[in-house]
Amino acid sequence: MVHETTNTNLAPIVLIGLMGAGKTSVGQCLARRLGLHFIDADDEVVKAAGCSIPEIFEVYGEKAFRDVEQRVIERLLGEERIVLATGGGAYMASRTRNYIKAHAISVWLRADLKTLVDRTSKRKGRPLLNTGSPHKVLKNLMDIRYPVYGDANIIIDTGQEEIKSSVDKVIAGLLNAQQNLESEFF
Ligand code: S3P
């Protein structure tokens with residue numbers, strides 16, 4: 001069973017979704033509940049690059065950021081028993097997406113625009129949100145990305161609810177997916 005911590009074959013659980021969807025907070029809590037190790041891909045990109053995400057965008061450009069992000073995620077997906085929170089754009093790169101599909105169980109934390117705008121206003125350091133009004137930028141990203149996120153293995157609607165409620169939904173989704181997904185994932 002997914003919620004028992006004894007299963008050593010559990011494939012990485014990868015959280016996808018837009019900035020502010022709660023990937024990090026839900027991911028940390030989910031990992032604790034399942035006895036898994038939590039990793040934030042953005043933090044690993046920062047470690048690998050040796051500078052902050054705004055600095056990478058400013059000095060080297062978004063393409064360089066995406067290249068490092070892809071390499072970092074591929075490396076991390078070699079780890080066992082992890083919950084990996086990815087940056088909102090990671091799943092948009094077809095190579096990264098295919099890699100996630102082949103090696104992990106993907107969970108999309110789907111959130112409405114108001115939730116995303118509210119949550120992202122509380123934390124700086126997201127260069128894409130400086131390119132226009134956060135409301136417009138996020139609305140535009142929803143239009144582009146939500147159809148692509150939609151092929152995740154598990155889709156969870158998260159609104160202004162407590163983290164625990166979202167985690168409960170993810171665990172229920174994992175248990176349900178366990179019946180349908182390839183047995184190698186579990
Ligand atoms: C990005 C999301 C950010 C970070 C970078 C780009 C995006 O991560 O990877 O600023 O393209 O949506 P979070 O989704 O964790 O904020």
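Axes here are lines fitted to C-alpha atoms, taken for helices over the stretch in contact, and the angles between them run from 0 to 180 degrees between N-to-C directions. In those terms helix α3 (residues 53-60) packs against α4 at an angle of about 125°, with the two axes 7 Å apart. The structure is a predicted model, and its sheet consists of 5 strands in the order β2-β3-β1-β4-β5, open and with parallel pairing.

- The open sheet runs in the order β2-β3-β1-β4-β5, and its edge strands are β2 (37-40) and β5 (154-157), each of which pairs on one side only.
- Neighbouring strands of this sheet are turned against each other by 20° on average, with direction ignored.
- Strand β4 (residues 105-110) pairs with β5 in the parallel sense over 4 bridges; within this pair, Val107 stands opposite Ile154, and Leu109 stands opposite Ile156.
- In a regular strand the side chains alternate between the two faces of the sheet.

**Helix α8 and Ser166**

- Helix α8 (residues 163-180) packs on the sheet, where it touches β1 (13-16), β4 and β5, and its direction makes about 155° with that of β5.
- Ser166 lies in helix α8, and because its relative accessible area is 3%, under the 20% limit that defines a buried residue, Ser166 counts as buried.
- Leaving aside residues up to four places away in sequence, Ser166 touches Val26, Ile156, Thr158 and Glu161, and with Glu161 there is also a polar contact of 2.5 Å between the two side chains.
- Ile156, one of the residues touched by Ser166, is also the β5 residue that stands opposite Leu109.

**Helix α4 and its two partners**

- The angle of about 125° between α3 and α4 falls in none of the ranges for roughly parallel (under 35 degrees), roughly perpendicular (65 to 115) or roughly antiparallel (over 145), and the two helices are therefore oblique to each other.
- The contact between α3 and α4 is made by Ile53, Ile56, Phe57 and Tyr60 on the α3 side and by Glu62, Ala64, Phe65 and Arg66 on the α4 side; by class it has 6 nonpolar, no polar and 2 charged residues.
- Helix α4 (residues 62-76) also meets helix α5 (residues 94-103), their axes coming within 10 Å and crossing at roughly 10°, which makes α4 roughly parallel to α5.

**Glu55 in helix α3**

- Glu55 has its place in helix α3, and at 41% relative accessibility Glu55 counts as partly exposed, since that category lies between the 20% limit for buried and the 50% limit for exposed.
- The side chain of Glu55 reaches the backbone nitrogen of Ser52 at 3.0 Å.
- Glu55 and Pro127 are 72 residues apart in sequence, and their C-alpha atoms are 9.1 Å apart in space.

**Two buried loop residues**

- Ala21 lies in the loop between β1 and α1 (23-34) and, at 1% relative accessibility, counts as buried.
- Not counting residues up to four places away in sequence, Ala21 touches Leu109, Ala111, Leu116, Arg119 and Thr158; Thr158 is also among the residues that Ser166 touches.
- Ala21 and Asp112, although 91 residues apart in sequence, are 8.6 Å apart in space from C-alpha to C-alpha.
- Arg81 lies in the loop between α4 and β3 (82-85), where its phi is near 55°, a positive value in a residue other than glycine.
- With a relative accessible area of 18%, Arg81 is buried, because the limit for that class is under 20%.

Conventions. Residues are numbered from 1 along each chain as its sequence is written. This is a predicted model: local features need pLDDT of at least 70, side-chain atom pairs count only at pLDDT 80 or more; totals for chains, interfaces and linings use all residues. Side-chain values use heavy atoms; hydrogens and water are left out. Two strands pair if DSSP finds at least two bridges between them. Contact means heavy atoms within 4.5 Å. Buried means under 20% relative accessible area, exposed over 50%, partly exposed in between (1.4 Å probe, protein chains only). A polar contact is a pair of N or O atoms within 3.5 Å; within protein, one must be able to donate a hydrogen and the other to accept it, and residues adjacent in sequence count only if both atoms are side-chain atoms. Ala, Val, Leu, Ile, Met, Phe, Trp, Tyr, Cys and Pro count as nonpolar, Asp, Glu, Lys and Arg as charged, and the others, Gly among them, as polar.
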